[in-house]
Amino acid sequence: MNARESLEHQHYLNVSYGVKSWLLTRDHKRIALLYLISITLFFFLGGFFAVLIRLELLTPAGDFVQAETYNKLFTMHGLIMIFFFLIPSIPAVLGNFLIPLMIGARDLAFPRLNLLSWYIFIVGGIFTLTAVVTGGVDTGWTFYTPYSSTYSNSAVVLTALGVFVTGFSSILTGINFIVTVHKMRAPGMTWFRMPLFVWAHYATSIIFVLGTPVLAISIVLVGLERVFGIGIFDPKLGGDPLLFQHLFWFYSHPAVYIMILPAMGVISEVIPCFARKKIFGYNVVAFSSLAIAILGFLVWGHHMFVSGQSEFEGLIFSALSFMVAIPSAIKVFNWTATLYKGSISFHAPMLYALGFIGLFTVGGLTGLFLATLAVDVHVHDTYFIIAHFHYIMVGGAVMAYFAGIHFWWPKITGRMYPETWARLAALIVFVGFNLTFFPQFILGYLGMPRRYYAYPDEFQVLNVLSTAGASILGIGYLIPLVYLLWSLRYGRVAGTNPWHATGLEWRTDSPPSTENFEETPVVQEEAYAYDEVPEEVSLV
Amino acid sequence: MRVPLPFGRGCREAEGEGFTGLEDPSSGPSGHLLPEGEGRAKKIMWSELPLFPDRASTIAGETDALFFALIAISAFFATLIFFLIFFFSIRYRRRAGRPRAAQVNTSLLLELFWTGVPICITVGLFIFGAMVFMRVRQPPANALPIYVVGKQWMWKVQHPEGRREIDELHIPVGRPVKLVMASQDVIHDFFVPAFRVKQDVVPGRYTAMWFEATKKGEYHLFCSQYCGTQHSGMIGKVIAMEPRDFEAWLAGSTDETPVKAGEKLFSRFDCVNCHAANTRQRGPALEGAYGHPVRLQTGQTVLFDDNYIRESILNPMAQITEGYRPIMPTFQGQLNEEQIMELIAYIKSLTPQQSGKPNP
C-alpha cells in the first residue's frame with residue numbers, strides 16, 4: 001500500500017461540504033453517490049412491494065390485499081425495479097464513478113449534462129412516486145394496450161410521464177459515456193487496453209441512445225390515446241394493439257441487455273482480480289458485448305409468439321433469439337476458464353461474482369426454453385417467465401451490482417466493509433434467491449399464469465417455498481445496508497489498492513481527489529496484467 | 001371430485017349489457033355432466049407437491065419431449081459450469097506455498113469450440129421447436145370449429161350446433177377442435193396447460209388455436225394475458241368427453257344455432273336490403289363467397305374469410321369490392337363480437353343454389 005494510509009488527504013468527499021456543494025456538483029463521483037442514494041431508496045421501495053406480493057401469494061385465496069391493490073403492487077414493483085433501480089444501477093452509480101477513473105480522465109465529457117441526467121431521473125421518479133401515492137397504476141410494467149390506453153382506471157398518464165422523463169436521463173448518460181470513451185482516454189489507453197467494464201458500458205450506451213427514444217415514443221402514444229382518444233392502439237378507434245407490443249419490446253428487450261451488460265462488465269473485473277489472472281479471451285469477451293448489444297435489437301418478437309403475430313415472424317424471431325444466446329454462453333465459458341490455474345481467493349466480491357456465473361447460467365439456459373417456439377407456447381406468461389427473468393435480473397444484475405459495490409467500496413469511501421458479514425450476506429442472498437425463484441420454474445410448467453392474485457390450491461406448496469425464500473432474500477439484502485453504513489465510520493482504512501488490483505482506478509487515492517489523478521496517467525500495459533502485480537491479498 | 005376451482009367469484013356477475021340470450025340453464029358451475037369422469041380429475045391434496053402437469057392432448061407429448069431435451073441440455077451445461085467452478089475454486093485456491101497464477105489466457109481453438117457447440121445445439125433446438133410450433137399453429141382441415149369470445153372477465157363459448165357456455169368448454173376426445181376467438185375489450189389469452197397450448201385473444205381481429213384432447217376429464221382453463229382487476233378470476237374448465245357423450249350433451253339444448261341467429265340479425269340490421277339476390281347492384285353477392293378470393297377496387301385480391309367479413313362489417317370502407325360503390329354504413333358499436341360471429345356463421349352457410357336459404 002504505497003499511498004496514504006489515512007483519510008486525511010483532500011479528496012472528493014471532504015473538498016467541500018454542504019447541501020449546495022452536492023446538489024450543484026459536477027464531479028462524476030459525487031453524482032454517482034447521488035445516484036447511489038436515490039436508487040437504494042427505490043430498491044428498498046420496490047423490494048417492499050415484492051414482500052407484499054409474496055405475502056398475498058402465500059395462500060391460494062385472495063385474502064391479504066384486494067385484487068386491485070395486488071395488480072398495482074406488481075405493476076409498481078416492476079416499474080420501480082426496472083426503470084428506477086436496474087437500468088440506472090450499475091451504469092449510473094458504478095459506471096459514472098469508474099469510467100473516468102478507469103480510462104485516466106478527470107471527469108466525464110459533459111459534467112453538467114451528467115448532473116442534469118440525475119435531476120431528470122429524480123423528476124421522473126417523483127412523477128412515478130406521485131402516481132403511487134395518488135392511487136397507483138395497474139397496467140403491469142408492460143403497459144399493454146388497449147388496457148392501458150382505454151380500460152384501466154388508474155394513474156396511467158402520470159406514471160407514463162415518469163417513465164418518459166426518466167428515459168431522457170438514460171439517453172444523456174449514454175451520450176456522455178460514448179463521448180467520454182471516444183475522446184477522453186489517457187495516453188496509451190488504446191481500445192484494446194480498456195477494462196472490459198468500459199467495453200460493457202460502451203455497448204450499453206449504444207442501447208441507451210438507440211433504444212430509449214422508441215420507448216419514449218410508445219409511451220407518449222399511449223398517453224395521447226388515453227387523453228385525446230387518437231386511434232393508434234385501440235381497435236375500437238381504428239388502432240392496432242399489437243403495434244404497441246412491437247414498439248414496446250423494441251426498447252424493452254434491449255433494456256434487458258442494458259441491465260445485464262454492465263453486470264457482465266463488473267464480473268469481468270472481479271474475476272481476474274481474485275483469480276490473479278488476465279481474463280481469458282479478452283477480445284472475445286469485448287466483442288461479445290457488442291454482439292449482444294446489436295443482436296439484442298433484433299429479438300423483440302420473441303415476446304409475441306402467441307400474440308397473434310404471424311408464424312413466419314415467430315420463426316425469424318426464434319432463430320434470432322437463439323443467436324443472442326451464443327455471445328452470452330461465450331462469456332460464461334471465458335469467465336470459467338479464467339479461473340483455470342489461477343490463485344483464487346474468496347472475498348465477498350468474488351463470492352457474488354461466482355454466484356452470478358451460476359445464476360446467470362441457469363437464467364441463460366432457461367432462456368433457450370423460451371426461444372424454442374413450441375415450448376414457449378406453453379410457458380409464455382406463466383411463472384416460468386417470472387423465474388427466468390429474475391434469474392437474469394436479480395441472480396445476474398443484482399448479484400453483479402453487489403459484487404461491484406463491495407469491490408469498489410474501498411475506492412468510493414476509502415474504507416473497507418466488514419468481510420465476514422459480507423460473505424455471510426452473499427451466502428444468504430444466494431440461498432434465499434434460489435429458494436424464491438427455483439420453485440417458480442416448476443409452477444410455470446405446471447401452468448400457473450403470471451399476475452394471478454388468487455390461484456388453484458395445488459400450486460400452494462411451491463408458492464409457500466417461494467415466499468419463504470423471499471423472506472431469506474430480504475434479510476440478505478438488509479444486512480449489507482447495515483454494515484455498509486457502519487463501515488462509513490468504523491471500517492478499516494482501505495488504502496489506495498486493497499485488492500492489489502490492476503486498473504487505473506487503483507492507482508489513485510481512496511477516495512480519489514476531485515481531479516482523480518495528480519497527473520494524467522500513461523498506460524503501458526494491457527488490462528488485467530496480473531502477472532506484473534506483486535501478490536497477494538491476505539485471506540481475511 | 002372436480003379440479004378445485006376456488007376462485008370463480010367475480011366472473012359471473014359481470015354478465016350484463018350487450019349480451020342477450022346467452023344464458024345456458026344447463027351449464028351451471030357444477031361438473032355434474034361427467035359422472036364417469038371422476039377417476040381422472042382427482043382432488044389434489046395439500047400435502048401433495050405437483051411437479052408436472054397433466055398431459056391430455058396430441059401435441060402435449062411433443063412439447064414435453066422438447067422440454068425434456070432442453071432440461072437434459074441445460075442440466076449438462078449447468079453441471080459442467082458448476083463442476084468447473086467448484087473444481088477450479090478448490091484446486092487453485094490461494095494458499096501458502098502454492099505458486100502464483102499461471103497466465104493462460106487465450107486459445108483460439110477453445111473459443112471456436114465453445115462457440116461452435118452452442119451454435120449446433122441451438123440450430124437443432126430451433127428446428128425441432130419450429131416443427132412442433134407449426135403443427136400447433138395449423139389446424140387440421142377437419143377440425144370442429146367452436147367460437148369463443150373473451151370479455152372482462154369471462155369466457156363465452158358458442159358451439160355451431162347452438163349450445164352456449166360460460167367459463168366452460170365441452171369438447172369431444174379424439175377429434176381436433178379449432179377455436180376461433182375474439183375479444184370484446186382488452187387482450188386476453190386462452191390457456192389450457194394440460195394441452196400445452198395458448199393463444200392471445202386480441203380485440204379487433206380473430207385469432208385461432210386448435211388441439212385434440214386425448215383423455216377425458218376436466219382441465220384448467222386460464223386467462224394468461226393480464227386483462228385487469230379480475231384477471232385471475234377469468235378461469236374456467238375444459239371438459240373433454242367421449243364423443244358419444246359429447247353428442248348427447250350438444251343435443252341437450254334448445255339454443256338457437258348461430259346460423260339461425262345470424263339470419264335474424266341479417267334482416268334486423270337490413271343487410272338483406274343490399275346483399276339479397278335481387279339487389280345485386282348495391283352490394284356484392286355473399287352466396288358461396290366464403291373461402292374464395294375477392295378482387296378489390298384497388299386491384300388487390302384478398303381472401304373472403306372470417307377476418308375479411310368482420311372488417312367489412314365494422315369498417316366497410318377499408319376494402320371495397322371491385323365494381324361496387326362505397327355506400328355501406330359501418331356497424332361499429334351496434335354489434336358485439338358474438339353477433340358478428342353469428343353473422344359470419346350465417347354468411348358462411350349461404351350457398352349459390354339455395355340463395356338466401358341457409359343450410360340447416
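These legends walk through several close-up views of a predicted model.

**View 1. Where chain B meets chain A.**
Let's start with the contact between the two chains, to which chain B gives 77 residues and chain A gives 84 residues. On the side of chain B that touches chain A, at least two residues come from each of α1 (60-91), α2 (108-137), β6 (188-192), β7 (197-201) and β9 (217-223). Sorted by class, the side of chain B that touches chain A holds 44 nonpolar, 20 polar and 13 charged residues.

**View 2. The two domains of chain B.**
Here chain B is shown split into domain 1 (1-89 + 106-253) and domain 2 (258-349).

**View 3. A pair of parallel strands in chain B.**
This view picks out strand β4 (residues 168-172) of chain B and its partner, strand β10 (residues 235-241) of chain B. The two run parallel and are joined by 5 bridges. To get your bearings, find B:His170, whose bridge partner in β10(B) is B:Ile239. Strand β4(B) is mostly covered, with 4 of its 5 residues buried.

**View 4. Inside the largest nonpolar core.**
The largest nonpolar core has 270 residues, and those touching the most other members are A:Ala263, A:Ile267, A:Phe356 and A:Ala403. Chain B takes part too: domain 1 (1-89 + 106-253) and domain 2 (258-349) of chain B each give this core at least three residues. What surrounds A:Phe356, leaving aside its neighbours within four places in sequence? Its contacts are A:Ala263, A:Ile267, A:Gly396, A:Met399, A:Ala400 and A:Ala403.

**View 5. Helix α14 of chain A and the residue after it.**
Helix α14 of chain A covers residues 419-446, 28 residues in total. From its first C-alpha to its last, α14(A) reaches 41 Å, close to the 40 Å expected at 1.5 Å a residue. Follow the chain just past the end of α14(A) and you come to A:Gly447, which takes a positive phi of about 115°.

Conventions: Residues numbered from 1 in each chain as written. Chains lettered and ligands numbered in written order. Predicted model: local features only at pLDDT ≥ 70, side-chain atom pairs only at ≥ 80, totals over all residues. Buried ≥ 20, exposed ≤ 12 C-beta atoms within 10 Å, placed from the backbone. Pairing = 2+ DSSP bridges. Expected span 1.5 Å × (residues − 1). Core = buried A, V, L, I, M, F, W, Y, C linked by C-beta atoms within 7 Å. Domains from an automatic or database assignment. Contact = placed C-beta atoms within 7 Å. Nonpolar A, V, L, I, M, F, W, Y, C, P; charged D, E, K, R; others polar.
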